[in-house]
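Please look over the sequence and the 3D structure below before reading on.

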Amino acid sequence: MPSFARFTPLLSSLPATVPFVGPEAIERNRGLIVRARIGANESGFGPAPSVVAAMAEAASDTWHYSDPENFELKQALAAHLGCSPTNIAVGEGIDALLGHIVRMIIEPGMPVVTSLGAYPTFNFHVAGYGGRLVTAPYVQDREDLAGLLELVKRENAPLVYFANPDNPMGSWWNADAVAEFAEALPETCLLILDEAYCETAPDGTTPALSRLIDRPNVMRTRTLSKAYGLAGARVGYVITTPENAQAFDKIRNHFGMARISVAGALAALKDQAYLTDVLQKISASRDAISDIARANGLLPLVSATNFVAIDCGRDGAYARAIVDGLMEHGVFIRMPGVAPLNRCIRISTGLPQDMTLLAEALPQVLKTIG
Ligand SMILES: Cc1ncc(COP(=O)(O)O)c(C=O)c1O
């Protein structure tokens with residue numbers, strides 16, 4: 001049966017693809033069971049026990065919609081960050097917020113600048129609003145700030161996306177370089193500075209809020225999905241000027257936040273001791289992944305995130321064979337989608353038992369695929 005005849009021409013022109021195939025789909029489609037879930041850059045360390053308790057307590061009130069203004073969460077985020085609640089917009093993860101930002105700015109045919117092989121969900125939203133992606137290749141496995149700036153100017157682009165640290169390579173620029181990039185952009189170009197991994201990055205990676213917060217052409221996106229271990233709760237936020245933050249109210253889903261998730265986020269922000277502990281575990285796990293890679297003759301890249309990209313030294317087909325081979329052993333990992341980044345595999349940090357499974361499976365897979 002054909003689909004409805006009056007879908008927009010834009011929708012009809014889009015491929016029915018999703019940016020990611022989830023581990024659940026892999027299990028269903030290949031009849032396999034995930035034993036080590038270290039592919040989606042979630043936190044295998046989980047949320048804090050205090051967060052789980054707060055969410056459990058909130059469960060019986062789940063018949064309430066959440067406060068559509070997200071007042072308490074904005075207050076808590078502002079106190080945590082040292083800015084005003086008016087500087088914050090809240091949404092169902094960075095992913096939803098990226099969609100809103102693209103919708104605010106992009107009309108069909110407009111150029112949008114990003115790096116070739118950077119976070120695909122952003123590209124997905126750009127396609128959904130009819131934008132035209134213009135990409136700068138990574139240089140030495142890092143996003144190329146000068147290249148991005150040049151493209152913005154050449155295309156007179158109204159929107160540029162840059163993640164610091166980045167996914168899928170785990171690379172980063174220091175705070176000064178990032179702030180200088182933001183300051184060098186024309187006022188007519190909005191920067192999405194995606195800081196999904198800011199908690200796991202070394203000191204000096206994230207520009208001070210005060211340096212960029214008054215710039216109407218900067219929106220910084222952050223999430224509780226990564227270090228805070230709340231990926232399934234879907235809590236993200238934007239830090240920007242009050243006027244920009246208000247613009248989200250024109251288009252956001254006002255009852256989009258799950259009440260249980262907000263309770264979890266409030267508890268997570270309070271439990272900074274747990275976060276500190278998890279950050280140490282993430283760092284130790286990055287080391288463990290890197291050791292396993294080296295022990296197998298592969299080259300781990302230095303990472304500022306909760307995952308490690310590993311250069312497998314050959315092409316995308318070889319890296320794909322490793323990803324698929326590991327899955328046969330129940331080890332779910334992913335890989336970058338675009339050459340030359342796709343010579344790498346990408347492994348999320350996880351529990352010691354995940355590392356044991358990885359250490360057992362990887363040499364077997366490498367031997368099998370030769
Ligand atoms: C760079 C980047 N931005 C955003 C996200 C998604 O964040 P959220 O779970 O808040 O939608 C991810 C998740 O992998 C990411 O790598």
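The text below describes a predicted model, beginning with the ligand.

**The ligand and its surroundings**

Thirteen is the size of the shell: of the 13 residues around the ligand, I94, D194, T223, S225 and K226 come nearest. Helix α5 (residues 93-105) supplies three residues, the largest share of this shell.

| Residue | Ligand atom | Distance |
|---|---|---|
| D194 | nitrogen | 2.6 Å |
| Y197 | oxygen | 2.7 Å |
| K226 | oxygen | 2.7 Å |

Taken alone, the ligand exposes 390 Å², and the protein buries 94% of that area.

**Helix α14**

Helix α14 covers residues 352-369, which makes 18 residues. From its first C-alpha to its last, α14 reaches 26 Å, close to the 26 Å expected at 1.5 Å a residue. The helix has a bend of about 25° at A361, and the proline P363 follows within four residues.

Which residues of α14 are buried? They are D354, M355, L357, L358, A361, L362, V365 and L366. An α-helix has 3.6 residues a turn, so residues three or four places apart point the same way. The cover over the buried residues of α14 includes the helices α12 (272-295) and α13 (316-328). It also includes the strands β1 (36-37), β11 (331-332) and β12 (344-348). Just after α14, G370 takes a positive phi of about 70°.

**Residue N167**

N167 sits in the loop between β5 (159-163) and α8 (175-184). Is N167 buried or exposed? Its relative accessible area is 10%, under the 20% cut-off, so N167 counts as buried. The side chains of N167 and R346 are joined by a polar contact of 2.9 Å. Not counting residues up to four places away in sequence, N167 touches N41, G117, A118, Y119, Y138, Y197, F307 and R346. One of these, Y197, also has a polar side-chain atom 2.7 Å from an oxygen atom of the ligand.

**Residue M55**

M55 belongs to helix α3 (residues 49-59). With a relative accessible area of 17%, M55 is also under the 20% cut-off and is therefore buried. Leaving aside neighbours within four places in sequence, M55 is in contact with L230, A233, I260, S261 and G264. M55 and S261 are 206 residues apart along the chain, yet 6.9 Å separates their C-alpha atoms.

Note on methods. Residues numbered from 1 in each chain as written. Predicted model: local features only at pLDDT ≥ 70, side-chain atom pairs only at ≥ 80, totals over all residues. Heavy atoms only, no water. Helix = DSSP H or I, 4+ residues; strand = E, 2+ residues; numbered from the N terminus. Expected span 1.5 Å × (residues − 1). Bend = angle between axes of the 7 residues up to and from the residue. Buried < 20%, exposed > 50% of the residue type's maximum accessible area, 1.4 Å probe, protein only. Contact = heavy atoms within 4.5 Å. Near = heavy atom within 4 Å. Polar contact = N/O pair within 3.5 Å; in protein donor to acceptor, adjacent residues only side chain to side chain. Areas by Shrake-Rupley, 256 points an atom, 1.4 Å probe, with all protein chains shown as cover.
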